Amino acid sequence: MSEWNHRHLIDLSHFSLEDYFSVLQLASRFKSLPTTGARKLPALQGRLVTTLFFEPSTRTRSSFELAAKRLSADVQTFSPSSSALKKGETPLDTALTYVSMGSDVLVIRHSCTSVPEQIAQALEKNGKPTSVLNGGDGLHSHPSQGLLDLFTLANYFEPNNPLPSALVNKRIAIVGDILHSRVARSNLWALTGCGADVILCGPPSLLPREFSQFVDAPPPGQSKDPIDIRGKIYLTRSLKNALEGADAVITLRLQKERMQHNLLTDLNRYHRDYGITHQSLNWCEKQIPVLHPGPVNRGVEISSELLDDHSICLIEKQVSNGIPIRMALLYLLTTSKDRLSNSTADALSSP
Ligand code: NCD
């Protein structure tokens, strides 16, 4: 496996092709191993993983906790409603409290963009070795979801070799509320990074034109893109155009809780224009898989019938693939930390 040198995982814009390769290769190994009961892997024995979710979650939090347990780590769960947040404690002071208890990895979700990054920077400044793994921040980034979607697609296209190369020259449609989706942003980095073209589709209020330039420049503060040649991004308002020629489609939840203005007035019309159904899939040139990160608004972005049709809809596979992907991320972050501190120890002991 190639060198992994990330202490934190905040955003996939920092990922190289080797990083995608490392995560997918390790996730495939974890997926193929029996990891339950007495056959749990001892890899993270004695380590402490803390899930700090300041925003609701079903899938992501439980998946991280299960991943940590399958690697024999101890797991601490923070629940905001019964915590000292209610007494005015800040997210940073909450995080530092868990660091003082010896946490090795903090998995952080927050409704505000950049909270996980700010906590990671504060830990670096204070010389704390704890890693931060972004479990979703505001509209910005949801790297583990981007990676599990990549893994699910790689498994679909190349079941015997589910690596980044499986995505080369594929055409992936992402449909719906792209404006409010941190999943779509992480998918854009991951899919184009592995050589797929992405076609974005949605109404103007949920898909601003600027998204076609999303990966053209690295984000502020990042000097260069670690990927030499990315897939392209196209934008269309027509679902028919998006689906014709697509190899897979990812549909997204309408995030009503993040819509400050009435961006949509008619949900029936939205379903008619952008809902993924058995009928709309007739526009595709072949049978393609449908992905959705969940949770789902049944009958809005996807029909209930299609959601329950597991020969097409891969949502169950996405959930189960989330576990080996998160095992891989926890493992890589923890062992990279060991490598970094070993090299510091070597440097200190060398004459
Ligand atoms: C997503 C999220 O929280 O960003 N869900 C998830 O993590 N599986 C998408 C969403 O909330 O719609």
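1. The elements that give two or more residues to the side of domain 1 that touches domain 2 are α1 (17-32), α2 (59-70), β3 (105-110), β4 (131-137) and α10 (315-349). Helices (H or I, at least four residues) and strands (E, at least two) are DSSP runs, numbered from the N terminus. The largest share of that side, 9 residues, is supplied by α1.

2. Basis of the model. This is a predicted model, in which local features need pLDDT of at least 70, side-chain atom pairs count only at pLDDT 80 or more, and totals for chains, interfaces and linings use all residues. Residues are numbered from 1 along each chain as its sequence is written, and side-chain values use heavy atoms, with hydrogens and water left out.

3. Domains. The chain is assigned domain 1 (17-141 + 321-343) and domain 2 (143-316); such bounds come from an automatic or database domain assignment. Taken over C-alpha atoms, the two domain centres are 26 Å apart.

4. Extent of the interface. In domain 1, 29 residues are in contact with 28 residues of domain 2, where contact means heavy atoms within 4.5 Å. The two domains bury about 2200 Å² between them, with 65% of it on carbon and sulfur atoms. Tyr20, Leu24 and Leu139 lose the most area on the domain 1 side, together 31% of what that side buries. Buried area is the accessible area (1.4 Å probe) that two parts lose on being put together, summed over both.

5. Salt bridges. The structure holds 10 salt bridges, each a side-chain nitrogen of Lys or Arg within 4 Å of a carboxyl oxygen of Asp or Glu. The rule finds 1 across the interface of domain 1 and domain 2. Glu55 and Arg182 meet in a salt bridge through their side chains (2.8 Å, N to O). Asp104 and Arg47 form another of these side-chain pairs (3.9 Å, N to O). Asp104 lies in the loop between α3 (91-100) and β3, and Arg47 in the loop between α1 and β1 (48-53), so this pair ties together parts that are 57 residues apart in sequence.

6. Ligand surroundings. Among the residues around the ligand are Thr60, Arg109, His142, Arg182, Arg253, Gly294 and Pro295, with a heavy atom within 4 Å as the cut-off. An oxygen atom of the ligand is 2.7 Å from a side-chain N or O atom of His142, and an oxygen atom of the ligand is 2.7 Å from a side-chain N or O atom of Arg253. A nitrogen atom of the ligand is 2.9 Å from a polar backbone atom of Gly294.

7. Backbone details. The peptide bond from Gly294 to Pro295 is cis, with omega near -5 degrees. Pro295 sits in the loop between β9 (290-291) and α9 (304-307). Ser72, in the loop between α2 and β2 (74-78), has a positive phi near 70 degrees, in a residue other than glycine.

Technical notes. A polar contact is a pair of N or O atoms within 3.5 Å; within protein, one must be able to donate a hydrogen and the other to accept it, and residues adjacent in sequence count only if both atoms are side-chain atoms.
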